[in-house]
Amino acid sequence: MSDHEPEDAFDWEVRDSSTPFFHHAIAGSCAGIMEHISMYPLDTVKTHMQASETSLSLREAIRQVLREQGARGMMRGATVIGAG
């Protein structure tokens, strides 16, 4: 980049060479794990809503999953994702 071009504030893909690669790899892995943990229950509810024979609201779908499978039902199948 020349001196007269402004630095792009959104250019986040450039890796800082002073930080070791494994730090970036660990941070990316942790971010992926946290994304799966936080989004998996929402995906479970969405799938439950889509597979239902009747139209369910978000609240109804959450209640149905909790009633039928308990809190662990929200994460049912997550071990397969983690193993893969």
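Modeller: Begin with confidence, since this is a predicted model. The protein chain has an average pLDDT of 86, and 87% of its residues score at least 70.

Colleague: In which helix is confidence lowest, and in which is it highest?

Modeller: The lowest confidence belongs to helix H3 (residues 78–83), with a mean of 80, and the highest to H2, with a mean of 94.

Colleague: How many helices and strands does the secondary structure contain?

Modeller: The protein chain has 3 helices and 0 strands. Read from the N terminus, the order of elements is α-α-α.

Colleague: What do the overall figures say about burial and surface?

Modeller: Of the 84 residues in the protein chain, 10% are buried. The chain exposes about 7,300 Å², and carbon and sulfur atoms account for 59% of that area. As for contacts, among those between residues at least 6 apart in sequence, 36% join residues at least 24 apart.

Colleague: How does the length of helix H2 compare with the expected span?

Modeller: Helix H2 covers residues 58–69, which is 12 residues. From its first C-alpha to its last it reaches 16 Å, close to the 16 Å expected at 1.5 Å a residue. Gly70 follows H2 and has a positive phi, near 75 degrees.

Colleague: Let us turn to charged side chains. What is the general idea?

Modeller: Side chains of opposite charge can pair when their charged atoms come close. The structure holds 1 salt bridge, and its partners are Asp43 and Lys46, whose closest N and O atoms are 3.4 Å apart.

Colleague: Where do Asp43 and Lys46 lie?

Modeller: Both are in helix H1 (residues 21–51), 3 residues apart, about one turn of the helix.

Colleague: Is Thr44 buried or exposed?

Modeller: Thr44, another residue in helix H1, counts as buried because its relative accessibility is 18%. Leaving aside neighbours within four places in sequence, Thr44 is in contact with Gly73 and Met74.

Colleague: Which residues make the nonpolar surface patch?

Modeller: Ile33, Met34, Ile37 and Met75 make a patch of about 370 Å². One of them, Met34, is found in helix H1 and counts as exposed because its relative accessibility is 51%.

Colleague: How far apart are Met39 and Met75, in sequence and in space?

Modeller: They are separated by 36 residues in sequence and by 9.8 Å in space, C-alpha to C-alpha. Met39 belongs to helix H1 and is partly exposed, with a relative accessibility of 40%.

Colleague: Finally, which residues does Arg15 touch, and where is its place in the chain?

Modeller: Arg15 is in the segment before H1. Not counting residues up to four places away in sequence, Arg15 touches Pro20, Phe21 and His24. Arg15 is classed as partly exposed because its relative accessible area is 43%.

Note on methods:
Residues are numbered from 1 along each chain as its sequence is written. Side-chain values use heavy atoms; hydrogens and water are left out. Helices (H or I, at least four residues) and strands (E, at least two) are DSSP runs, numbered from the N terminus. Buried means under 20% relative accessible area, exposed over 50%, partly exposed in between (1.4 Å probe, protein chains only). Contact means heavy atoms within 4.5 Å. Accessible areas come from the Shrake-Rupley method with a 1.4 Å probe; for residues, only the protein chains shown count as cover. A salt bridge is a side-chain nitrogen of Lys or Arg within 4 Å of a carboxyl oxygen of Asp or Glu. The expected span of a helix is 1.5 Å times one less than its number of residues. Patches are made of residues with over 30% relative accessible area and no salt bridge: like charges are joined within 9 Å, nonpolar side chains (Val, Leu, Ile, Met, Phe, Trp, Tyr) within 5 Å. pLDDT is the predictor's confidence in each residue, from 0 to 100.
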